[in-house]
Every structure is written in C-alpha cells, then in structure tokens.
Amino acid sequence: MRMGDLRKITAFVPVDLMERAQSLSGEGVTETLRRALERYAVSEWSRQMLDLQGRVDFSDFDLDALREDREFDAVGNVV
C-alpha cells in the first residue's frame, strides 16, 4: 500500500473498547482499526447480497461455460 492510498484520521474511541479489540487482534491500533473496518465492509456487502435473495434469476447462466476460461485447484479455488 502506498502512502497516497492511506488516510490519517483522528478518532475518539472508548479506551476499554480499543483495548478489548487490540487484545483480540493481537495487533496495534492501526491494524486493529483496519481489520474492524474491513469486517464492517464485508458484513454490509453480505447484507446487501442477502437482500437480493430470490430476486436474481440465474437459470440463464451456464456454469460450465463460465468456468471454461478458468483453472481451478483441488478445492475449487480459481488458480
């Protein structure tokens, strides 16, 4: 990550909350906050995907055709 991709912030966070979070992460303040923000973003994305449940018709998609241009490892991850 480059410095231009980062933003320095000042935030007021309850001491006990920060200490508990750091204790759980085993990291410093910056990494603990970064992990928390990433988890929040993922959980919000997941909520939005769940809201779409039953609203998207995938019956027109041919999964085998979609997989033709990709290689997969033994557990199904794209290589």
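Residues are numbered from 1 along each chain as its sequence is written, and side-chain values use heavy atoms, without hydrogens or water. Since the model is predicted, local features need pLDDT of at least 70 and side-chain atom pairs count only at pLDDT 80 or more, while totals for chains, interfaces and linings use all residues.

**Exercise 1. Describe the largest pocket and its lining.**

Step 1. On a 1 Å grid over the protein atoms alone, a pocket is an open set of points with protein on both sides within 12 Å along at least five of seven lines; lining residues have an atom within 4 Å of a point. Volume is the space filled by probe spheres set on the points, which are joined across faces, edges and corners.

Step 2. Read the volume. The largest pocket holds about 420 Å³. Its lining has 13 residues, and Arg7, Lys8, Ile9, Thr30 and Leu33 are the closest to its centre.

Step 3. Assign elements. Helices are DSSP runs (H or I, at least four residues), numbered from the N terminus. Helix H2 (residues 29-51) gives the most to this lining, with five residues.

Step 4. Sort by class. Ala, Val, Leu, Ile, Met, Phe, Trp, Tyr, Cys and Pro count as nonpolar, Asp, Glu, Lys and Arg as charged, the others as polar. The lining of the largest pocket has nine nonpolar, one polar and three charged residues.

**Exercise 2. Find what lines the second largest pocket.**

Step 1. The second largest pocket has a volume of about 160 Å³.

Step 2. Its lining consists of Ala21, Leu24, Ser25, Thr32, Arg35, Ala36 and Arg39. Three are nonpolar, two polar and two charged.

Step 3. H2 gives the most, with four.

Step 4. Take one lining residue. Ala36 sits in helix H2. Its C-alpha atom is 8.7 Å from that of Ala21, 15 residues apart along the chain. Ala36 counts as partly exposed because its relative accessibility is 45% (buried is under 20%, exposed over 50%, partly exposed in between; 1.4 Å probe, protein chains only).

**Exercise 3. Locate the nonpolar surface patch.**

Step 1. Patch residues have over 30% relative accessible area and no salt bridge; nonpolar side chains (Val, Leu, Ile, Met, Phe, Trp, Tyr) are joined within 5 Å, like charges within 9 Å. Areas come from the Shrake-Rupley method with a 1.4 Å probe.

Step 2. The members are Trp45, Met49, Leu52, Val56, Phe58, Phe61, Leu63 and Leu66, with about 820 Å² of accessible area together.

Step 3. H2 and helix H3 (63-67) are the elements that give two or more residues. Met49 is found in H2; at 37% relative accessibility, Met49 is partly exposed.

Notes:
On a 1 Å grid over the protein atoms alone, a cavity is a set of points where a 1.4 Å probe fits but cannot get out, and a pocket is an open set with protein on both sides within 12 Å along at least five of seven lines; lining residues have an atom within 4 Å of a point. A salt bridge is a side-chain nitrogen of Lys or Arg within 4 Å of a carboxyl oxygen of Asp or Glu.
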